[in-house]
Amino acid sequence: MAVCGTNGAQKPVSVLFVCLGNICRSPMAEGVFRSMTKRDPRIGTIDSAGTGAYHEGSPPDPRTMSVLEENGEKSYNHLARKVHLSDFKDFDYILAMDADNLSDLSRLQRRIIKNSGANASAAKVMMFGDFGGQKGEEVVDPYYGARDGFTIAYEQMTRFSKGFIEQVLQGLDTATS
């Protein structure tokens, strides 16, 4: 998605990562992606949210934070929030962690468009795993499992983030060349 500002210049791409409760997978994705793109002028707003409000206002799961810290991402700070209707206008990409989240987000986006028109949602809603080499790859929720599930999720987030950078950001470079 090439994003242009009012003067026709390319504006930074904004990305929202979404899971169920916004304390495990989506904050991990946000932390990894922030770390990988922190000096990239092609990236604008990065955030994460949940489709449910179960943990609203809570920090990420301690296992999420320990895996991020072990991998050098020590400055990540976040409090869980639920997806807002405005996110569909504010973000270029809304990336779901699994098929259930994608279904919830797609249904919400259709409702927004039905009630407010096509211009009410500029977001491209899709699976984050689509950037990992296998269309529709899901990140299994590690919340109820052992810590190794968080390590597996981290490896996926790293692979998916690299894929996003290669497919979307490098695509922007090609489109503007």
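Guide: Ring pairs link F17, F33, Y93, F128, F131, F160 and F164 into a cluster. The model is predicted, so local features need pLDDT of at least 70 and side-chain atom pairs count only at pLDDT 80 or more, while totals for chains, interfaces and linings use all residues. Residues are numbered from 1 along each chain as its sequence is written, and side-chain values use heavy atoms, with hydrogens and water left out.

Rings of Phe, Tyr and Trp (its six-membered ring) pair if their centres lie within 6.5 Å; planes under 30 degrees apart count as stacked, over 60 as edge-to-face and the rest as tilted. By this rule there are seven aromatic pairs. In one of them, the ring centres of F17 and F128 are 5.0 Å apart and the planes stand at 65°, which makes the pair edge-to-face. Because F17 belongs to strand β1 and F128 to the loop between β4 (124-127) and α5 (148-176), this pair ties together parts 111 residues apart in sequence. Helices (H or I, at least four residues) and strands (E, at least two) are DSSP runs, numbered from the N terminus. Both F17 and F128 are buried, where buried means under 20% relative accessible area, exposed over 50% and partly exposed in between (1.4 Å probe, protein chains only).

F128 also pairs with F160: the centres are 5.3 Å apart and the planes at 80°, so this pair too is edge-to-face. Here the loop between β4 and α5, which holds F128, is linked to F160 in helix α5, 32 residues apart. Like F128, F160 is buried.
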